[in-house]
Amino acid sequence: MTELKLPEINRVLLSGRLTRDPERRYAADGTEITSLDLAFHRHYRGRDGKLAEHAGFVTVLTYQRLAEICAQYLKKGSAVLVEGRLQMREWTTPQGAKRQRLELRGESVHFLEKSSVPAAPEARAGADDEDRLF
């Protein structure tokens, strides 16, 4: 029997709104990290024929310049489109219990609404006024 070779694809494209203000922190090596809690939902028709809605939540992590821009311009309720990949984070609690969490590592964040604060000149380069892709 031959072994099945699976393609190594790990891409996620997700839109939603932030459930709280972005949280900025720094890694031990000084890398800026911004955490975004994103709510997403879908509408569908159930087996009974009635419209239904399902909501989900995911943590998005952005790094370096993207983290800086997200922390500066996003806030609770901001609508975004995030493209990135899934990553598993593992850690041990002070009590010795092992924990793990599936997160979305954001590689690009598209702001879906106009900002009430003008964008910095370098953030506007190559983007129109209605939506910016970083």
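Visitor: Which residue forms a salt bridge with R65, and how far apart are the closest N and O atoms?

Guide: The partner is E68, and the closest N and O atoms of the pair lie 2.9 Å apart. Keep in mind that this is a predicted model.

Visitor: How should I read that pair along the chain? Where do R65 and E68 sit?

Guide: Look at the helix. Both belong to helix α1, which covers residues 64-73. They are 3 residues apart, so about one helical turn separates them.

Visitor: How many salt bridges does a search of the whole structure find?

Guide: The search finds 9. One of them is formed by the side chains of R20 and D37, at 2.4 Å from N to O.

Visitor: What does accessibility say about R20 and D37?

Guide: Apply the cut-off for each residue. Under 20% means buried. D37 is at 16%, so D37 counts as buried. R20 has a relative accessible area of 36%, so R20 is partly exposed.

Visitor: Which side chain meets R24 in a salt bridge?

Guide: That of E32, with 2.7 Å from N to O. Check the two ends separately. R24 is partly exposed at 40% relative accessibility. E32, at 10%, counts as buried.

Visitor: Let us turn to nonpolar side chains. Which residues form a nonpolar patch on the surface?

Guide: Start with the idea. To join a patch, a residue needs over 30% relative accessible area and no salt bridge. Nonpolar side chains are then joined within 5 Å. Here the patch consists of L86, M88 and L102. Together they have about 270 Å² of accessible area.

Visitor: Take M88. Where is its place, and why does M88 count as partly exposed?

Guide: M88 is in strand β5, which runs over residues 79-92. Its relative accessibility is 46%, so M88 counts as partly exposed. The cut-off for exposed is over 50%.

Definitions and conventions. Residues numbered from 1 in each chain as written. Predicted model: local features only at pLDDT ≥ 70, side-chain atom pairs only at ≥ 80, totals over all residues. Heavy atoms only, no water. Patch = residues over 30% accessible without salt bridge, like charges linked within 9 Å, V, L, I, M, F, W, Y side chains within 5 Å. Areas by Shrake-Rupley, 256 points an atom, 1.4 Å probe, with all protein chains shown as cover. Salt bridge = Lys/Arg side-chain N within 4 Å of Asp/Glu carboxyl O. Helix = DSSP H or I, 4+ residues; strand = E, 2+ residues; numbered from the N terminus. Buried < 20%, exposed > 50% of the residue type's maximum accessible area, 1.4 Å probe, protein only.
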